[in-house]
Amino acid sequence: MEPLRLNFDLKATSCSPMTTNLAKPTSLVLHSHRISCFNRPITAALASVLCDSPASAESLTVAFPVSRAPEVNTVQRTLVEAWSLIRETFVDPTFNHQDWDSKLQQTMVEMFPLNSADAAYNKVSGMLSTLGDPFTRIISPKEFQSFRIGSDGNLQGVGLFINLEPKTGHLVRERLDGIDSEAAAQRLRGHAGTTVTIKVHSGKGSGGVSGIREVKLPREYIKLSPISSTIIPHRSPDGQLAKTGYLKLSAFSQTAAADMKNAIDMLESQGVQSYILDLRNNPGGLVKAGLDVAQIWLDGDETLVNTIDREGNMFPINMVDGHAITHDPLVVLVNEGSASASEILAGALHDNGRALLVGHKTFGKGRIQSVTELHDGSALFVTVAKYLSPALHDIDQVGITPDVQCTTDMLNSPKESLMTDTSSTSPLETDSCIMVAEHELDIQQTKGTAS
């Protein structure tokens, strides 16, 4: 078979669409133009060309065979898209000290004899793995759909959280054996205004007979808030009743900052005097959401984070005339599960003197990814920059060490619980990290060092 020949002519161009004829799979000329705009979708080949190319020009010609299996041919297009995005935006311009142009040709040749899309996608993942960056990766259309639900903070469904029955590992005992929670969630989701019928197993009754009943559930628009909040009452060292506002941020979605502001406004109206922001086991999410949350707590023109591009240039990201909605003392809880945007937020609040960090060393993910949806609905995550904290601390593979480790050894005496019924004591009151955080807040308030 005559090899497919690709001519990647990387030259400045006007924004005129260019397409290719797929009728002759063994003779095809493709063009890929450099895109300078950040985080815009780049279709490298077999599709239209976007504009905003730099003035510099370079050319590349590679050749490889085109698969006659339609599903593999589709993944070949995805491969070229992913390869081009990496070539133009990946943070390491040496591509882990390898010839990235040759890597495309090699992967195409390896993909040619395959017969399934899954096997072809594995080749794409294999190519990306050679970059030595675990955060640069491709995910399937189904995985991208779940990612978007988490980052958008909205879905259409019935409003249920799904867990497995611990003893059997089943969601229900009949008809869904062997179906995992994600598959069940997909069945429950659907357009708002429709309904879904489920069977509910209520366990064995007094007669030893299992009860099963059908329930019809309406689907609606569901808002997923990453914020939960409450008030933790306790006695201050001088014996006064104190109220600490507790905020748990589980992820950085598009609604994180707005939900955080609403929660703080509610807590302020109830007279809290201090705050605990819990970022433990928060793996991150949208970097912009992390920066937006930081601005809720800070004043002025403070630096929130410093980014470093692929050329080694550092760019500080600063607030512009910021106004914090509260100046009450703040402790941020972190641990080894706090990563990415969590570390950006913790670093911004700590390095600007706004918060004390309590807990354990964070994960250490000091890299920023862009996310681009590809033509087949899959998505490519590409590390496009590294970041340093406002005080220029390198977080990547190092993490952030908190000011105070999360142990109760330093407490002079146990906190007096205000719960008269110890059997109903809140888990928050027995959380050693929260106990340490309250202790540190008491010290701040006693010294009058609140920000």
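In this predicted model, Phe147 is partly exposed, with a relative accessible area of 29%, whereas Phe144 is buried, with a relative accessible area of 7%. Both residues lie in helix α4 (residues 141–152), where they are 3 residues apart, about one turn of the helix.

**Aromatic pairs**
- The count of aromatic pairs comes to 4, and one of them is the stacked pair of Phe144 and Phe147, with 6.2 Å from centre to centre and 15° between the planes.
- Ring pairs also bring in Phe381, which joins Phe144 and Phe147 in a cluster.
- Tyr275 and Trp297 form an edge-to-face pair, because their planes stand at 75° with the ring centres 5.5 Å apart.
- That pair links distant parts of the chain, since Tyr275 belongs to strand β10 and Trp297 to helix α7, 22 residues apart; both Tyr275 and Trp297 are buried.

**Charges over rings**
- Arg137 lies over the face of Phe381, at 4.1 Å from the ring centre.
- The ring of Phe135 has the charged end of Lys365 over it, 4.7 Å from its centre.

**Nonpolar cores**
- The largest nonpolar core holds 40 residues, of which Leu247, Met260, Leu277 and Trp297 touch the most other members.
- Helix α7 gives this core its largest share, 7 residues.
- Leaving aside residues up to four places away in sequence, Met260 touches Ile227, Leu247, Leu249, Leu277, Val293, Ile296 and Trp297.
- A second, separate core has 28 residues, among them Val75, Leu85, Leu128 and Leu131.

Terms used: Residues are numbered from 1 along each chain as its sequence is written. This is a predicted model: local features need pLDDT of at least 70, side-chain atom pairs count only at pLDDT 80 or more; totals for chains, interfaces and linings use all residues. Side-chain values use heavy atoms; hydrogens and water are left out. A nonpolar core is a set of buried Ala, Val, Leu, Ile, Met, Phe, Trp, Tyr and Cys residues joined through side-chain atoms within 4.5 Å. Buried means under 20% relative accessible area, exposed over 50%, partly exposed in between (1.4 Å probe, protein chains only). Helices (H or I, at least four residues) and strands (E, at least two) are DSSP runs, numbered from the N terminus. Contact means heavy atoms within 4.5 Å. Rings of Phe, Tyr and Trp (its six-membered ring) pair if their centres lie within 6.5 Å; planes under 30 degrees apart count as stacked, over 60 as edge-to-face and the rest as tilted. A charge sits over a ring if NZ of Lys or CZ of Arg is within 6 Å of the ring centre and within 35 degrees of the ring normal.
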